[in-house]
Amino acid sequence: MSARIRVDAVIDTVRRLHEQSPLVQCITNYVSMDLAANLLNAAHASPAMVHDEREAAEMAGLASAVVVNIGTLSPHWVTGMHEAARVAAERGIPWVLDPVAVGATAYRRATANDLLTHRPTVIRANASEIVALATAQGAGRGADSTHDSTAVIDQAKALAATTGSVVVVSGVSDVVTDGTATVIVDGGDPRMPLISALGCGATALVAAAAAVADTPITGAVTAMAMLADAGERAGRSAHGPGTLRPALLDALWTQRPEDLSRVVLR
Ligand SMILES: Nc1ncnc2c1ncn2[C@@H]1O[C@H](COP(=O)(O)OP(=O)(O)OP(=O)(O)O)[C@@H](O)[C@H]1O
Ligand SMILES: Cc1ncsc1CCO
Ligand SMILES: [Mg+2]
């Protein structure tokens, strides 16, 4: 795919997102719930933060995409995660795994590995999390953890190859790969990582875009490009992470599909 075609596909995916307003079920952590729901609304999608084991599967039967984020884990939530991921996989709708701090504890490692059996459509994480997950999957080269997304492209590609998922590594530049094709999305604002759970919000946007895109990789690139463009525009008026957060929501809401032609894809 040439960069030109990719940009056209991205613009088309944003247009579909605005027209179709996909319902995105989010099983996501307490920190992220408010921001993820509002980012989805600002992107013209529709959020449903439904995680309980008694209703997670039923909700996944209604949704257009599912997010499973392990940020604030507990056993009942994990049951709901498995139920929702199973139903999403059965229905052939995209589901996106966010393995928050997967390298930190044994419980997180075990939960993330168990969830991989449902074959996530996309895995969205930061560089350290991708290295931890790739190593646990036997796809990494060791424990040489780094926080630079572009330095872990090999691990991201290997993880995509072993899981069959599209892998998104967020950072200064976002890396998106299906193991064969790799796209790098530049842009954003250096204060974005200071907004807690913005990465979790990015995961929710990836799910929304994947629900309407022709392919999961196009959906993932589109969501990261939307955030890169909105973050850059929001950054012009922001004084710090506090004012960047609402400015980012406004920038997403006012974003037109053709604005995505400004985003640099490599
Ligand atoms: N230095 C930077 N410059 C520009 N954009 C950035 C920078 N760092 C992160 N971003 C953007 O911020 C968003 C969140 O990515 P980040 O890597 O911080 O996620 P994360 O570590 O999973 O966050 P969290 O766990 O708090 O949800 C992404 O859209 C990413 O492109
Ligand atoms: C800070 C934090 N702790 C658990 S989840 C979360 C949100 C960022 O991933
Ligand atoms: Mg994260």
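Mentor: Let's take strand S4, residues 95-98, which is covered on both faces. Trp95 and Leu97 are buried on one side, and Val96 and Asp98 are buried on the other. In a regular strand, side chains alternate between the two faces of the sheet. Buried here means that 20 or more other C-beta atoms, placed from the backbone, lie within 10 Å of a residue's own; 12 or fewer makes it exposed, and anything in between partly exposed. Helices (H or I, at least four residues) and strands (E, at least two) are DSSP runs, numbered from the N terminus.

This is a predicted model, in which local features need pLDDT of at least 70 and side-chain atom pairs count only at pLDDT 80 or more, while totals for chains, interfaces and linings use all residues. Residues are numbered from 1 along each chain as its sequence is written, and chains are lettered from A and ligands numbered from 1 in the order in which they are written.

Now for the neighbours of S4. Strand S3 (residues 65-69) runs parallel to S4, joined by four bridges; strands pair if DSSP finds at least two. Leu97 is the bridge partner of Val68. S3, helix H4 (residues 75-91) and S4 form a right-handed β-α-β unit: with the strands pointing away from the viewer, the path from the first strand over the helix to the second runs clockwise. The chain then goes from S4 through helix H5 (residues 106-115) to S5, again in a right-handed β-α-β crossover. S5 (residues 122-126) is parallel to S4, with two bridges between them, and Val96 stands opposite Val122.

Next, the annotated positions. An unreviewed UniProt entry lists Met49 and Ala197 under "binding site"; positions follow the numbering used here, feature names are shortened, and annotations may be inferred rather than shown by experiment. Met49 sits in the loop between strand S2 (46-48) and helix H3 (56-60). Met49 is partly exposed because 18 other C-beta atoms lie within 10 Å. Ala197 lies in the loop between strand S8 (182-185) and H8, and counts as buried because it has 23 C-beta neighbours inside 10 Å. Leaving out residues up to four places away in sequence, Ala197 touches Val31, Ser32 and Leu35, where contact means C-beta atoms, placed from the backbone, within 7 Å.

Ala197 also belongs to the residues around ligand 2, which include Val31 and Ser32; such residues have their C-beta atom, placed from the backbone, within 6 Å of the molecule.

Note on methods. Two residues are in contact if their C-beta atoms, placed from the backbone, lie within 7 Å.
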